[in-house]
Amino acid sequence: MTDTSDTVGKQQTGSVKKLFIKTYGCQMNVYDSERMAGLLKPLGYAASDTANDADLVILNTCHIREKAAEKVYSDLGRIRKFKTQKERDGGTMKIAVAGCVAQAEGSEIKTRAPFVDMVFGPQTYHRLPEMIARASREKGDILETDFAVEEKFDTLPNQRELKGYSAFVTIQEGCDKFCTFCVVPYTRGEEVSRPVEAITAEVRMLAAKGLREVTLLGQNVNAYHAQAPHGGIGGEWGLGELVRHLAKVDGLDRIRFTTSHPRDMDAGLIAALGEEPKLMPYLHLPVQTGSDKLLKAMNRGHTAAHYLQQIEKIRTVRPDIAISGDFIVGFPGEDDTDFEATMQLVRNVGYASAFSFKYSRRPGTPGASMLKQIAEPIKEARLARLQILLEEQKQSFNTAQIGKILPVLMEKKGRNPGQLVGRSPYLQAVHAELAENLLGQIVPVEIVDTLSNSLGGRRAIPGAVLA
Ligand code: 5AD
Ligand code: SF4
């Protein structure tokens, strides 16, 4: 998982209404925020990067850990001041809380922050235009938190803007796994896959606008399953088949997907990783812990040995694959032996990147009421040790790229003049001095340097062989 806290859009002037969206949490929220901005455009809303004079503020929230959820309330406090000032000046500002905090807390948000006008969950934002109309017509508050993922996907407009050369496309939502620490099954609902035709149409539409790389999104993306196109001739497809199908879209060069569950890494997907050159050699495969006792308590449905076997199978077909993961330390009952098992698993795998967190007790999840909750200082000490190891592994993965020539999709201008920044196949940021007309191109770059979060390179000589 990547923390993507960000705002959508650029400052606009004139008589258009200003929309400020802040996105917290995962890439699914980034996708949803973009779609919300697209839905509101025909209503005259233009994205703005400041909240203070916005006509509509949307906080697209994350409930995964306590910190993320609490941040929303502190941001609301700040935005409330803007609203009060705007009303004093004779204007209006509507405030909406969207996303997983909205889904989980519903009307409680109004109790804690009565100045909020709209509260709606991730499955209902396609009704946003109607909610806004109601919010300005009626005095009452708007609360929409039902589950209707299929309806959402059916109703979203076919068109969407493309910024840059890569985009997220949601292909699956929700989760039936019920890991005992996790709120997702409660906030995003049960697992639903989008039809192949709808996904293909969205990718084709973006490719026609210049898309070169797509990241297929789902809370459990590799649990994807849907009827093959043309009325299901060809049976049911998994993610492997979908990827091979999308690889045929003209103009599209790179496919990624996230987030996967070890239990759903099926043979079809592993084969696609080995055979489909457009599928990038990077896999985010969270394991959470290396202790079988805790994997069981977490209801992960697999053992550490099973995870390691999966990694081995994947590396057999794609030896250069970069493995990424998520880890939780301090889950209830974790003792020193359990934690050492996590450290050992990390040493066995060798991660190219990873996200690691202290266990956060989430109301309503089974983990929250388990005995043997772990004290904060122990969680902190374990997290620190784990992060040192993961950082070392990341640096050694990056250093191993020095001297290689990697194909880099150039995405934007770098911080220094004359510099472009892009992504390697392994999702590393790579910067190099390159002409601006190479934006959107896949350029062979010789890696010469590593910084803490990126690689430095120079354009490889024409005709050079790519790594
Ligand atoms: N506490 C800490 N981390 C959590 N995650 C999910 N729920 C919790 C929690 N209650 C982490 C997991 C998951 C990632 C998206 O967030 O590692 O893979
Ligand atoms: Fe949460 Fe587990 Fe589902 Fe992932 S698989 S979304 S961690 S319940």
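1. A quick definition to begin: helices (H or I, at least four residues) and strands (E, at least two) are DSSP runs, numbered from the N terminus. Asn299 counts as partly exposed because its relative accessibility is 35%; buried means under 20% relative accessible area, exposed over 50%, and partly exposed in between (1.4 Å probe, protein chains only).

2. Before you read on, please note that this is a predicted model, in which local features need pLDDT of at least 70, side-chain atom pairs count only at pLDDT 80 or more, and totals for chains, interfaces and linings use all residues. Residues are numbered from 1 along each chain as its sequence is written, chains are lettered from A and ligands numbered from 1 in the order in which they are written, and side-chain values use heavy atoms, with hydrogens and water left out.

3. Now to Arg300, in the loop between helix H12 (292-297) and helix H13 (304-317). Arg300 is buried but has no salt bridge, and Asp326, the nearest side chain of opposite charge, is 7.5 Å away. For the charges, Lys and Arg count as positive and Asp and Glu as negative, while His and the chain ends are not counted; a salt bridge is a side-chain nitrogen of Lys or Arg within 4 Å of a carboxyl oxygen of Asp or Glu. Beyond its neighbours within four places in sequence, Arg300 has contacts (heavy atoms within 4.5 Å) that include Cys179, Phe181, His261 and Gln288.

4. Gln288 is buried because its relative accessible area is 7%.

5. Which residues surround ligand 2? Among them are Cys175, Lys177, Cys179, Cys182, Asn220, His261 and Arg300, where near means that a heavy atom of the residue lies within 4 Å. By class, the shell has seven nonpolar, two polar and two charged residues. Here Ala, Val, Leu, Ile, Met, Phe, Trp, Tyr, Cys and Pro count as nonpolar, Asp, Glu, Lys and Arg as charged, and the others, Gly among them, as polar.

6. Lys177 also takes part in a salt bridge with Glu191 (3.9 Å, N to O). Lys177 lies in the loop between strand S9 (172-173) and helix H7 (184-187), and Glu191 in the loop between H7 and strand S10 (192-193), 14 residues apart. Both Lys177 and Glu191 are buried.

7. The structure holds 34 salt bridges. In one of them, Arg256 meets Glu213 (3.3 Å, N to O), joining strand S14 (residues 254-258) to strand S11 (residues 213-217). Arg256 counts as buried because its relative accessibility is 6%, and Glu213 does so at 3%. Elsewhere, Glu34, Arg35, Arg160, Arg194 and Glu202 are linked in a network of salt bridges.

8. One backbone point to check by eye: the peptide bond from Thr258 to Thr259 is cis, with omega near 5°. Thr259 lies in the loop between S14 and helix H11 (267-275).
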